[in-house]
Amino acid sequence: MKKILLGTAAFVAFAAPAFAADLPARTYTKAPVYKAPEVIYNWTGFYLGGHIGGAFPGGNSLSSNDVRFLGGVQGGADYQFSNNWVIGAEAQYSWLTGNSGNGVAFPGGTVATANADQLGSVTGRLGYAFGPTLLYAKGGYAWRNNDNLGVTTGGVPVAFTVGGDHRDGYTLGAGLEYMLTPNWSIKGEYQYYNFGNSTFLTGPAPIVGSRFRDDEHTVKLGINYRFGWGGPVVAKY
C-alpha cells in the first residue's frame with residue numbers, strides 16, 4: 001500500500017507540469033469603462049413666475065422712441081413628448097413705465113402722443129429641449145390698454161376720434177429657457193406685439209387722416225417655479 005501511494009505521488013509530481021503546459025493561456029479582461037448616468041430633464045408641468053425687461057415701439061409710432069422699463073408675471077403649462085419636443089400655453093401680463101416723450105408734432109402747435117402702460121398676451125408655445133436647455137417659439141393673442149392716447153393744441157387737450165381696433169392684436173416671440181433645478185428655471189425672450197394702426201378720424205385739422213403704427217418690441221428676462229406633474233429630473237443608467 002505504501003508503495004502504491006508513493007508511486008501515485010511521484011506520477012502526479014511529474015505529470016502536473018505537462019498538464020499545465022497543455023492548458024490555454026489565461027486571457028486578460030479589461031475592466032469596463034465607467035459610464036456616467038444620462039440625466040433626463042422633464043419639462044412637463046405647470047409653472048408660475050415673473051419677468052423684467054424693456055420695451056420700445058416700431059417706426060412711425062406715436063409712442064416714445066426711448067426704451068421703457070417693464071415688469072410683470074406669467075404662468076403656463078408645458079407637455080414634453082417624443083423625448084425632446086415641448087408644447088405648451090402661457091399667459092403673460094406686463095406693466096410699462098417711462099416718459100411718453102414729445103410725441104408727434106403737427107402744424108399749428110398740435111401734438112399727438114401715445115404711451116400704453118400695460119401689455120398682455122395668451123400664447124401657444126413650441127420648443128425643443130437639449131437637456132436642461134429649451135429653445136422655443138411662441139405666438140397668439142395680445143392686448144394692451146390704450147387710455148394714454150392724447151392730442152393737444154397749444155398744450156391744451158382737444159377732442160378727437162380714431163379708427164381701427166388698436167387695443168387687441170397678435171404677438172410673436174422666441175426665447176431660451178434653462179432648467180436650474182427640477183423646480184426652478186430662468187429664461188430670456190424677445191416678444192413682438194402688433195396692434196394694427198391708429199387713424200385719426202376727427203380732431204384738429206392737421207391730424208385728421210394721419211395714420212400711425214401701434215406695435216411694441218420687448219426683451220425680457222424671467223424666472224419660473226415649475227410644478228412638474230411628470231416627476232423630477234431623473235438619471236437613466
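1. The largest nonpolar core of this predicted model has 9 residues: Leu62, Phe106, Ala112, Ala114, Leu149, Val151, Phe200, Ile207 and Phe212. Apart from this core lies another, made up of 7 residues, including Ala55, Leu96, Leu119 and Ala142.

2. When residues up to four places away in sequence are not counted, isoleucine 207 touches Phe106, Thr110, Val151, Phe160, Phe200 and Thr202.

3. An open sheet is formed by 4 strands, in the order β5-β6-β9-β10, with antiparallel pairing. The edges are held by β5 (104-106) and β10 (156-157); each has a single partner strand, so one side of each is left without a neighbour in the sheet.

4. The pairing of β10 with strand β9 (residues 150-153) is antiparallel and runs over 2 bridges. Threonine 152 has proline 157, in β10, as its bridge partner.

5. Serine 94 belongs to strand β4 (residues 85-97). Is this residue buried or exposed? Serine 94 is buried, because its relative accessible area is 0%, and the cut-off for burial is under 20%.

6. The surroundings of serine 94 can be listed. Its side chain makes a polar contact with the side chain of histidine 51, at 2.7 Å. With neighbours within four places in sequence left aside, serine 94 is in contact with His51, Leu70, Gly71, Gly72, Asp117, Gln118, Leu119 and Lys220.

7. As to confidence, the protein averages a pLDDT of 83, and 76% of the residues score at least 70.

How values were computed
Residues numbered from 1 in each chain as written. Predicted model: local features only at pLDDT ≥ 70, side-chain atom pairs only at ≥ 80, totals over all residues. Heavy atoms only, no water. Pairing = 2+ DSSP bridges. Core = buried A, V, L, I, M, F, W, Y, C linked by side-chain atoms within 4.5 Å. Buried < 20%, exposed > 50% of the residue type's maximum accessible area, 1.4 Å probe, protein only. Contact = heavy atoms within 4.5 Å. pLDDT = per-residue confidence, 0-100. Polar contact = N/O pair within 3.5 Å; in protein donor to acceptor, adjacent residues only side chain to side chain.
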